[in-house]
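This briefing concerns a single protein chain. Please keep the sequence and the model in view while reading the points that follow.

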Amino acid sequence: MMKFLGLAVCLVVVIVESTLAQNNQYLPPDKGYAYDKPNQPFPSSPQPQNIPRPQPTPGRPAPSYGPPPAQDDHHHEPGMPFDFQYNVNDIETQNDYSHKAVSDGDVTRGEYRVQLPDGRTQVVRYTADWKNGYNAEVTYEGEAKYPEGPGQGGANAGGYKY
């Protein structure tokens, strides 16, 4: 009887695991992503360049590096486009923040907001791409409010609740 019960439990576990694996939305799609391939082929290896090396100065060793690479030798491979957002507003723990972003595969634009302990909301609007990097504009909404009276401020004033 115990052998049969152990076999039945193993069978149920296998069925549940295979069902969960089929419905897991966090895995990549079985047939790959459905976005167009870039029209420019990805280079397989850099092309050798015939660049004259600097001649050594008498009494000094020759430099062990070459000139910097040309500016137009970068091949950019576009990323996967996406669009997402989320919000958290937990009154009990005083956590209030959000984030939203959208990307066409080349440029990502977004905004995130965080409520600060002094009552203001910090807003960060950003743009990020392969050529210019991450560029952010930080602003604040509202006015800072600080505790009044003795024993209300300082390092032990409370802050966020966990």
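Two strands pair if DSSP finds at least two bridges between them; helices (H or I, at least four residues) and strands (E, at least two) are DSSP runs, numbered from the N terminus. In these terms, Val123 stands opposite Thr139 in E5. The model is a predicted one, in which local features need pLDDT of at least 70 and side-chain atom pairs count only at pLDDT 80 or more, while totals for chains, interfaces and linings use all residues. Residues are numbered from 1 along each chain as its sequence is written, and side-chain values use heavy atoms, with hydrogens and water left out.

**Overall composition**

- Of the 162 residues of the chain, 11% count as buried; buried means under 20% relative accessible area, exposed over 50%, and partly exposed in between (1.4 Å probe, protein chains only).
- The chain exposes about 14500 Å², of which carbon and sulfur atoms supply 55%; accessible areas come from the Shrake-Rupley method with a 1.4 Å probe, and for residues only the protein chains shown count as cover.
- Among contacts in the chain with a separation of 6 or more, 27% are between residues 24 or more positions apart, where contact means heavy atoms within 4.5 Å.

**Strand pairing**

- Strand E3 (residues 107-115) pairs with strand E4 (residues 121-129) in the antiparallel sense over nine bridges.
- Within this pairing, Val107 has Asp129 in E4 as its bridge partner.
- E3 and E4 form a hairpin with five residues between them, and Gly119 in the turn has a positive phi of about 100°.
- E4 is also joined to strand E5 (residues 133-141) by nine bridges, and these two strands run antiparallel.
- The hairpin of E4 and E5 has three residues between the strands, and Thr127 has Asn135 in E5 as its bridge partner.

- The structure holds four salt bridges, a salt bridge being a side-chain nitrogen of Lys or Arg within 4 Å of a carboxyl oxygen of Asp or Glu.
- Side chains of opposite charge can pair when their charged atoms come close.
- Glu111 lies in strand E3 and counts as buried because its relative accessibility is 14%.
- Glu111 forms a salt bridge with Arg113, with the closest N and O atoms 2.9 Å apart; Arg113 counts as partly exposed, at 23% relative accessibility.
- The side chains of Glu111 and Arg125 also meet in a salt bridge (3.0 Å, N to O). This pair links distant parts of the chain, with Glu111 in strand E3 and Arg125 in strand E4, 14 residues apart.
- Arg125 has a relative accessible area of 36% and is therefore partly exposed.
- The side chains of Glu111 and Arg125 also make a polar contact (3.0 Å); a polar contact is a pair of N or O atoms within 3.5 Å, where within protein one must be able to donate a hydrogen and the other to accept it, and residues adjacent in sequence count only if both atoms are side-chain atoms.
- A network of salt bridges links Glu111, Arg113, Arg125 and Glu141.
- Leaving aside neighbours within four places in sequence, the residues in contact with Glu111 include Ser98, His99, Lys100 and Val123.

- Asp118 forms a salt bridge with Arg120, the closest N and O atoms being 2.9 Å apart.
- Asp118 is buried, with a relative accessible area of 11%, whereas Arg120 counts as partly exposed at 23% relative accessibility.
- Ala144, in the segment after E5, is in contact with Asp118 and Arg120, leaving aside its neighbours within four places in sequence.
- Ala144 counts as partly exposed, at 31% relative accessibility.
- Ala144 and Thr121 are 23 residues apart in sequence and 9.3 Å apart in space, C-alpha to C-alpha.

**Nonpolar surface patch**

- Phe82, Phe84, Tyr86 and Tyr97 make a nonpolar surface patch of about 350 Å². Patches are made of residues with over 30% relative accessible area and no salt bridge; like charges are joined within 9 Å, and nonpolar side chains (Val, Leu, Ile, Met, Phe, Trp, Tyr) within 5 Å.
- Strand E1 (residues 82-90) contributes the largest share of the nonpolar patch, three residues.
- Phe82 is placed in strand E1 and counts as partly exposed, at 35% relative accessibility.
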